[in-house]
Amino acid sequence: MRPVSVWQWSPWGLWLCLLCRLCLGSPSPSTDPEKRAGSQGLRFRLAGFPRKPYEGRVEIQRAGEWGTICDDDFTLQAAHVLCRELGFTEATGWTHSAKYGPGTGRIWLDNLSCTGTEQSVTECASRGWGNSDCTHDEDAGVICKDQRLPGFKDSNVIEVEHNPQVEEVRLRPGVGWGRRPLPVTEGLVEVKLPDGWSQVCDKGWSAHNSHVVCGMLGFPSEKRVNTAFYRLLAQRQQHSFGLHGVACVGTEAHLSLCSLEFYRANDTARCPGGAPAVVSCVPGPLYTASSGQKKQQQSKPQGEAHVRLKGGAHPGEGRVEVLKAGTWGTVCDRKWDLQAASVVCRELGFGSAREALSGARMGQDVSKRYECANFGEQGITVGCWDLYRHDIDCQWIDITDVKPGNYILQVVINPNFEVAESDFTNNAMKCNCKYDGHRIWVHNCHIGDAFSEEANRRFERYPGQTSNQII
């Protein structure tokens with residue numbers, strides 16, 4: 001019986017593409033309206049875009065000056081306190097790295113530390129008012145539960161911009177509306193404003209604008225469109241313009257982040273010589289309009305991908321991994337933002353990223369530590385009967401009849417997929433193994449998909465005896 005260490009490797013990395021909100025419990029807020037009166041001399045508001053009324057960048061007015069909070073050491077407990085300051089019952093999540101855009105003015109609080117039970121943010125520890133080494137690229141935001149505190153009345157207000165906001169974007173086919181197959185990949189651009197859906201004047205419309213719109217709709221890129229057909233069609237229809245002067249760089253994740261202007265009223269004369277903006281998008285692999293398109297995609301030779309998402313529960317989310325020199329690795333989350341995440345999403349055939357996650361939210365590497373001892377009759381015996389104990393890091397493998405030589409040691413968990421998992425590809429661990437009759441050397445250990453396909457095929461051709469294979 002020879003001791004062999006077995007471990008599971010979970011690399012440090014990043015994750016993106018679909019919105020994940022941390023829903024943790026929170027301390028119960030005070031039921032006394034007088035104790036919920038907020039911080040004396042302070043006012044609070046939510047700002048930024050795109051956002052909903054109960055989420056946004058946190059801004060505090062102190063001494064008549066509005067400022068922000070740095071995301072250093074910010075936690076869900078601090079978000080609970082701030083949401084109650086704003087008149088909500090609790091927080092469901094928080095954001096970092098100026099997700100709702102960078103603010104202006106002073107950064108009032110840095111290294112804010114709350115337990116979550118404080119009646120006011122002034123009771124939380126911090127570096128002191130106005131003492132910060134952050135920039136507005138680190139402004140913190142909160143996502144509050146859409147439920148107001150009963151009897152809440154205070155000078156603290158949730159101030160929203162009086163300018164309209166672009167809430168949603170859709171493509172409306174020029175003909176056959178309602179009879180076209182989904183998803184709609186080409187049509188007139190329509191934006192949802194507070195008073196309903198409106199069209200966009202195409203004067204100055206560029207491919208960069210189309211790129212942003214396609215990304216918002218989940219498509220990786222745009223393509224040229226027959227504008228002459230749509231201009232001819234526009235002469236026979238009435239239009240409701242609500243937006244003009246759109247000028248995107250092309251890297252924006254949302255149309256609201258572009259330079260644009262709103263019409264104060266529906267006035268077609270404000271788009272002289274123009275017509276409704278039209279966009280045509282290229283569908284990614286998950287969006288195929290017909291079976292013929294599927295067959296066409298399947299017939300094309302597919303090269304090996306160099307970027308992938310791992311550990312996500314749904315398509316389009318997960319830890320970002322890149323292939324370099326035949327080995328898969330992860331990406332550091334420093335300066336990781338929505339713009340960078342959108343580049344990865346589009347490369348994978350999706351649209352713009354909905355959220356750029358950091359802090360190893362979908363798995364990380366806790367320094368490997370092993371606790372091995374002789375716990376008696378346990379381990380893998382002849383015939384692969386497993387007497388494994390879950391509370392130790394090592395198992396014994398019976399190699400009584402194994403001859404000296406070079407081998408591949410492979411450990412597989414959940415081999416028959418009897419337990420549901422978000423990612424089955426990291427359930428196999430392989431190692432090169434050399435046995436001289438007295439000692440064992442184990443090296444080059446990796447999870448089943450740590451290498452490229454080519455490198456993995458070379459690994460499989462490693463000479464040696466194969467035994468106890470899972471069929």
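Visitor: Which residues line the second largest cavity?
Guide: Leu188, Tyr230, Arg231, Leu233, Ala234, Gln237, His239, Ala275, Pro276 and Val278. A cavity here is a set of points on a 1 Å grid over the protein atoms alone where a 1.4 Å probe fits but cannot get out, and lining residues have an atom within 4 Å of a point.
Visitor: Where do these numbers come from?
Guide: The model is predicted, local features need pLDDT of at least 70, side-chain atom pairs count only at pLDDT 80 or more, and totals for chains, interfaces and linings use all residues. Residues are numbered from 1 along each chain as its sequence is written, and side-chain values use heavy atoms, without hydrogens or water.
Visitor: Which helix gives the most to that lining?
Guide: Helix α3, residues 227-234, with 4 residues. Helices are DSSP runs of H or I, at least four residues, numbered from the N terminus.
Visitor: New topic. Is helix α1 mostly covered or mostly open?
Guide: Mostly covered: 9 of the 10 residues in α1 (76-85) are buried, meaning under 20% relative accessible area with a 1.4 Å probe, protein chains only. Among them are Leu76, Val81, Leu82 and Cys83, but also Arg84 and Glu85.
Visitor: What do they pack against?
Guide: Strands β3 (42-47), β4 (55-62), β5 (65-69), β6 (91-95) and β8 (141-144). Contact means heavy atoms within 4.5 Å, and strands are DSSP E runs of at least two residues.
Visitor: What follows α1?
Guide: Glycine 87, with a positive phi near 100 degrees.
Visitor: And how much of the chain is buried?
Guide: 41% of its 471 residues.

Definitions and conventions. On a 1 Å grid over the protein atoms alone, a cavity is a set of points where a 1.4 Å probe fits but cannot get out, and a pocket is an open set with protein on both sides within 12 Å along at least five of seven lines; lining residues have an atom within 4 Å of a point. Buried means under 20% relative accessible area, exposed over 50%, partly exposed in between (1.4 Å probe, protein chains only).
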